[in-house]
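Hi,

Here's the structure I promised you.

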Number of protein chains: 2
Amino acid sequence: MEALAALPVALDAVGGDKAPGEIVAGARKAADEGVPVVLVGPPERVGDTLGLELIPCTEVIEMAEDPAQGVRRKKDSSLVRIAELVRDGRASAMVSAGNTGATMAAALLRMGRLPKVARPCIATPMPRPGRPPAVLVDSGANVECTPAMLVQFAQMASVFATERNGIADPATALLSIGEEPSKGTSLVKETHALLEAGVPGVRFIGNVEGRDLLGCPADVVVTDGFTGNVALKTAEGTLRFAMRLVLDVLGHDDETRAAGDVLLPHLLAAAAELDPENTGGAMLLGVDGVCVISHGSSSAVAVANAIHIAYDLARAGLSGRLAASISAED
Amino acid sequence: MEALAALPVALDAVGGDKAPGEIVAGARKAADEGVPVVLVGPPERVGDTLGLELIPCTEVIEMAEDPAQGVRRKKDSSLVRIAELVRDGRASAMVSAGNTGATMAAALLRMGRLPKVARPCIATPMPRPGRPPAVLVDSGANVECTPAMLVQFAQMASVFATERNGIADPATALLSIGEEPSKGTSLVKETHALLEAGVPGVRFIGNVEGRDLLGCPADVVVTDGFTGNVALKTAEGTLRFAMRLVLDVLGHDDETRAAGDVLLPHLLAAAAELDPENTGGAMLLGVDGVCVISHGSSSAVAVANAIHIAYDLARAGLSGRLAASISAED
């Protein structure tokens with residue numbers, strides 16, 4: 001633990017829509033706030049490192065590139081290298097705002113899975129104003145799931161909700177299309193039965209629906225990676241849509257613009273609570289190491305938050321706690 | 001056609017959160033606007049019919065009741081009776097804001113399916129400010145689907161987008177977790193291949209993601225009923241969440257309240273465009289008759305809109321056009 005605490009966070013300096021500028025600036029911010037960070041990327045693409053250490057590599061897996069192929073072919077890419085730094089005990093955690101699939105693949109192939117974990121999953125914070133976020137899992141790693149996989153996701157996400165969000169004994173719900181256990185696909189119904197029967201480390205409170213995802217009554221919401229990804233992106237898109245609508249209203253005429261001047265600071269503060277920028281990104285649970293997947297649009301603030309969270313969770317021994325939470329093999 | 005035009009719309013007077021008050025008021029409104037309506041329900045529960053004809057029945061399938069069981073056991077329920085009125089050529093269409101599952105079951109069991117339709121599906125309008133709504137299909141009728149079912153949904157929804165929303169040659173997309181044909185579940189990938197290969201009556205433009213559902217670039221979005229229902233409710237819940245957030249901001253202090261007084265009428269006008277109240281409800285496509293499923297929270301305005309739409313679509317011969325659109329049996 002002591003040794004791990006001193007290890008830097010390995011950051012993919014060239015991943016993300018705003019790389020390298022905002023990425024490196026975020027690293028500088030986190031470093032200034034006391035977290036050791038090491039950048040990884042091709043020096044000519046990273047440019048100014050703002051005084052931070054750069055471990056050079058020669059390749060980059062681009063945003064639109066096929067994840068598995070990218071990781072297989074580009075062995076000297078920033079994503080593969082940051083995963084290897086964690087595997088080799090030279091970094092405490094990896095962080096990337098780049099190609100999500102490739103980040104997962106690099107983490108999985110280089111770090112490996114935790115013992116007994118059938119499939120790693122992505123846990124994404126869902127904002128709850130005035131309270132710690134809920135956790136949506138799986139938000140995109142596994143498009144086809146079994147009930148046993150969802151049970152493991154529930155176990156890991158419960159640990160994560162405690163470690164990351166400070167929620168003791170988190171309440172776990174299953175995403176479905178009605179509260180009744182009879183509602184949903186066979187996957188949902190079978191998983192409901194397993195969770196209802198009792199799973200170590202999971203306090204199951206039943207089904208929630210899509211309408212509950214924002215301001216969620218449950219601390220953990222479990223679903224397959226296809227449904228989770230559709231729901232997450234629907235929520236993101238709807239929030240953006242609503243925000244544009246409000247901004248259109250503010251710009252309607254001189255009177256509304258004046259009123260908007262009064263309201264805008266308050267609206268922006270409220271919106272900031274919902275912004276992926278401030279949630280620090282999603283986490284890949286179930287690999288043998290800490291891997292934070294930041295939003296592709298991450299700015300310096302988001303990157304700095306992600307680095308802090310990765311560092312804190314690695315120091316808190318998240319992986320060990322996740323491994324201990326898994327009671328069954330798929 | 002001429003005879004059908006004179007037939008009334010059969011309305012479940014006791015279905016919906018605000019039944020019978022708002023339901024009967026909505027019927028009165030539609031009747032005043034020129035649409036013949038007949039109410040169906042137990043007289044003692046309906047109360048004042050506001051001068052409209054009431055066909056009495058003795059039973060009600062309650063909101064929380066098991067749909068299939070309800071329809072099987074309660075043969076003299078309002079839902080079963082309105083479906084029979086359409087089947088027997090005594091009504092042009094059925095409308096209910098009650099138990100969605102039971103509405104589907106009653107329509108399916110009493111009206112039957114259109115020729116060659118494997119499974120009826122629910123088409124729900126998704127608002128697009130300043131443009132006719134997009135259509136999300138299936139938004140909840142079939143939790144487990146085959147590619148062939150999704151292809152039929154696409155065909156029927158394309159007809160519906162033209163008949164209901166006036167969109168000639170509507171663009172159809174598949175809901176997935178990425179634009180690439182390789183993304184998604186095997187159901188999504190196989191359906192993508194079928195649509196890409198060419199399906200009569202469907203202009204396929206590829207995949208859309210959850211983030212595209214509001215203000216959608218496609219006129220028809222096809223998905224299975226589980227994913228569709230989760231996405232629809234996520235969008236609804238997120239809009240409500242955003243609206244509460246804005247209202248909280250407006251109530252922050254005296255200054256924001258004054259600004260709110262200026263903005264509120266504009267905000268409400270913008271919100272009204274998104275309100276299920278004004279979209280007239282969802283439609284069950286693929287049964288042999290017109291069946292409108294209104295939102296459970298429908299007020300008089302929503303009910304009146306639903307009645308208008310049901311009447312207009314029946315008069316336009318929607319069922320015949322849907323039957324003609326289906327090229328394959330499952």
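In chain B, 11 strands make up an open sheet with mixed pairing, in the order β3-β2-β1-β4-β11-β10-β5-β6-β9-β7-β8. (Strands are DSSP runs of E with at least two residues, helices are runs of H or I with at least four, and both are numbered from the N terminus; two strands pair if DSSP finds at least two bridges between them.) At the edges stand β3 (54–56) and β8 (203–208) of chain B, each with a single partner strand, so one side of each has no neighbour in the sheet. On average, neighbouring strands are turned by 25° against each other, direction ignored.

One pair to look at: β7 (residues 171–175) and β9 (residues 220–222) of chain B run parallel and are joined by 3 bridges. There, L174(B) sits opposite V222(B) in β9(B).

By the way, this is a predicted model: local features need pLDDT of at least 70, side-chain atom pairs count only at pLDDT 80 or more, and totals for chains, interfaces and linings use all residues. Residues are numbered from 1 along each chain as its sequence is written, while chains are lettered from A and ligands numbered from 1 in the order in which they are written.

Now chain A. Helix α9 (residues 225–250) and helix α10 (residues 254–274) of chain A pack at about 165°, with axes 9 Å apart (axes are lines fitted to C-alpha atoms over the stretch in contact, and angles run from 0 to 180 degrees between N-to-C directions). α9(A) and α10(A) are therefore roughly antiparallel (over 145 degrees).

Cheers

Notes:
Parallel < 35°, antiparallel > 145°, perpendicular 65-115°, else oblique.
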